[in-house]
Amino acid sequence: MSKPILVSTIDSSLPLHDLELEFKGAHGSKVAFRRSASNHFVLIDDQPVLYSENFAAKLWRLAKIPQEAMDECVNVLKDLANELQSGKSLKISQINEMPAAKCKLAEVFLKNGFEKKEDELVLRKEIK
């Protein structure tokens with residue numbers, strides 16, 4: 001298994017012509033993706049396992065993620081904080097169309113530096 005990587009939906013190296021414009025989420029719901037600099041896929045072995053909209057404000061799990069890759073998937077999403085304006089926090093409001101803090105995946109985010117703020121998961125951006 002390769003390391004998870006984060007790829008913007010506008011990245012020219014992403015073979016979007018090979019990907020369907022609509023995926024089934026891990027819970028069976030339809031997930032349509034849009035090309036945008038703020039939308040990303042997390043890929044493992046060139047397969048999308050997570051889809052992120054608006055700098056991870058909303059996430060969808062697209063496939064089963066091996067337990068040994070979960071922490072690294074969160075870490076690549078944390079890299080999005082570098083793209084946010086100075087002083088802003090990375091806030092996840094929804095995971096799989098549920099309040100982020102109530103989703104089972106929240107445990108992995110909390111273990112990796114996120115905090116619960118009501119129904120959201122928040123990662124404070126360090127200002128350098």
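Author: Let's start with a term: a residue is called buried when its relative accessible area is under 20%. Keep in mind that this is a predicted model.

Reader: Okay, so is Phe41 buried or exposed?

Author: Phe41 has a relative accessible area of 0%, so it counts as buried. Phe33 comes out at 9%, so that residue is buried too.

Reader: How do I read two rings as a pair?

Author: In general, you describe a pair of aromatic rings by the distance of the centres and the angle of the planes. Take Phe33 and Phe41: the ring centres are 5.2 Å apart and the planes stand at 75°. Planes over 60 degrees apart count as edge-to-face, so that's what this pair is.

Reader: And what kind of pair do Tyr51 and Trp60 form?

Author: A stacked one, with 5.7 Å from centre to centre and 25° between the planes. Tyr51 and Trp60 are both buried. Together with Phe33 and Phe41, they make up one aromatic cluster. The count of aromatic pairs comes to 5.

Reader: Now the sheet. How do I read that?

Author: Strands of a sheet pair through backbone hydrogen bonds, either parallel or antiparallel. Here, 6 strands form an open sheet in the order β1-β4-β5-β6-β8-β9, and the pairing is mixed.

Reader: Which strands stand at the edges?

Author: β1 (5-8) and β9 (98-99) do; each has a single partner strand, so one side of each is left without a neighbour in the sheet.

Reader: How many bridges link β8 and β9?

Author: There are 2 bridges, and β8 (residues 94-95) runs antiparallel to β9 in this pairing. Look for Ile95, which sits opposite Met98 in β9.

How values were computed. Residues numbered from 1 in each chain as written. Predicted model: local features only at pLDDT ≥ 70, side-chain atom pairs only at ≥ 80, totals over all residues. Heavy atoms only, no water. Pairing = 2+ DSSP bridges. Helix = DSSP H or I, 4+ residues; strand = E, 2+ residues; numbered from the N terminus. Phe/Tyr/Trp six-rings, centres within 6.5 Å; stacked < 30°, edge-to-face > 60°. Buried < 20%, exposed > 50% of the residue type's maximum accessible area, 1.4 Å probe, protein only.
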